[in-house]
Amino acid sequence: MESWFFENQTGNFGIKIRIKSVLFHEFSHYQEITVYDTPEFGKTLVLDKAVMFTEKNEFVYHEMLGLVPAFAHKKPEKVLIIGGGDGGAARECLKNPFVKHIDLVEIDKKVVDVSKEFFPEIACRLGDERVRIFAEDGIEFIKRINLNDKESEKYDIILIDSTDPVGPAEGLFRRDFYEAAAGSLKEGGIFAAQTESPFFNENLIKDVSKIIKELYAKSSLYCAAVPVYPSGLWSFTAGSKKYDPRTVNESYKDFDFGGQGLNLKYYSPEIHASSFVLPNFIKKILR
Ligand code: AG3
């Protein structure tokens, strides 16, 4: 019998993916977690009926979220990832030669466990000695760092690797959270968050960009193509206290981005720069 997974993406539009089998299905304390095996995309993680990634194209999102801010920064030693329990963003960040330490704050420990079990190539760095995992609410975590206001606790890079702005992730798209994140960055720090589809989430992008612009010396939106996400075009919003997020920092002028071990399938210095070149309809959203 044929089986298909449907994601209703906008209420009026969605995608369907043929499934070979259901490898895992459980309701955690926070959400419904499903792992499908699919002929088109390989194993696929679905949270609350929304596709988070597929084995075949997770590299786009994870490289672009994990590497653009890191390579815009002169020397990012300490990184905070909110969400990202699958480990994809952490795996990418560690490709930056300066990164010494990553704190990963994932509210749902089940996502970490499922990713380790079913997606070892994505979760491969979760056991790295440089990565510390906290199973707690990222909003509270960041508010604590901000309140403590101790330079030694702050970060060079903060990444928001969240689900859509509904359910557990809703608070990760709010002003008070963004303010606390800005206050948890060191001087010269860079922030980046996944900010959904420019085709379907105009208002969200407009609101987030406005806040980030207020909070940082520099702010920019960049995009990448993720076939399984709503509309296939995905956005990330970056805010930076000092360095221009749109360019690879001088400090990497001798760095070999084509190096074998790095295994970069999407990101390159050229893609870094070009991902900030926006079509007019997105520029208009940001005006
Ligand atoms: N986070 C963003 C996924 C959003 C996709 N939305 C959807 N399918 N409706 C992905 C997390 C991967 N680390």
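How many residue pairs are in polar contact between domain 1 and domain 2? The count is six, with both residues of each pair at pLDDT 80 or more. Keep in mind as you explore that this is a predicted model.

The domain assignment places domain 1 at residues 3-53 and domain 2 at residues 58-286. Their C-alpha centres are 23 Å apart, and the contact draws on 23 residues of domain 1 and 19 residues of domain 2.

Together the two domains bury about 1900 Å², and 75% of that area is on carbon and sulfur atoms. On the side of domain 1, Tyr30, Met52 and Phe53 lose the most area to domain 2, together 32% of what that side buries. The rule also finds one salt bridge across this interface. A salt bridge links glutamate 26 and lysine 110, whose closest N and O atoms are 3.5 Å apart.

Which strands supply the side of domain 1 that touches domain 2? Strand 2 (14-18), strand 3, strand 4, strand 5 and strand 6 each give at least two residues.

Four strands form an open sheet in the order 3-4-5-6, and their pairing is antiparallel. At its edges, strand 3 and strand 6 each pair on one side only. From one strand to the next, the twist averages 20°. Here are the residues of its strands:

| Strand | Residues |
|---|---|
| Strand 3 | 21-27 |
| Strand 4 | 32-38 |
| Strand 5 | 42-47 |
| Strand 6 | 50-54 |

Strand 4 and strand 5 pair over six bridges, in the antiparallel sense. To see a bridge for yourself, find threonine 34: its bridge partner in strand 5 is valine 46.

Definitions and conventions. Residues numbered from 1 in each chain as written. Predicted model: local features only at pLDDT ≥ 70, side-chain atom pairs only at ≥ 80, totals over all residues. Heavy atoms only, no water. Pairing = 2+ DSSP bridges. Axes fitted to C-alpha atoms, helices over the stretch in contact; angles between N-to-C directions. Domains from an automatic or database assignment. Contact = heavy atoms within 4.5 Å. Buried area = accessible area lost by both parts, 1.4 Å probe. Salt bridge = Lys/Arg side-chain N within 4 Å of Asp/Glu carboxyl O. Polar contact = N/O pair within 3.5 Å; in protein donor to acceptor, adjacent residues only side chain to side chain.
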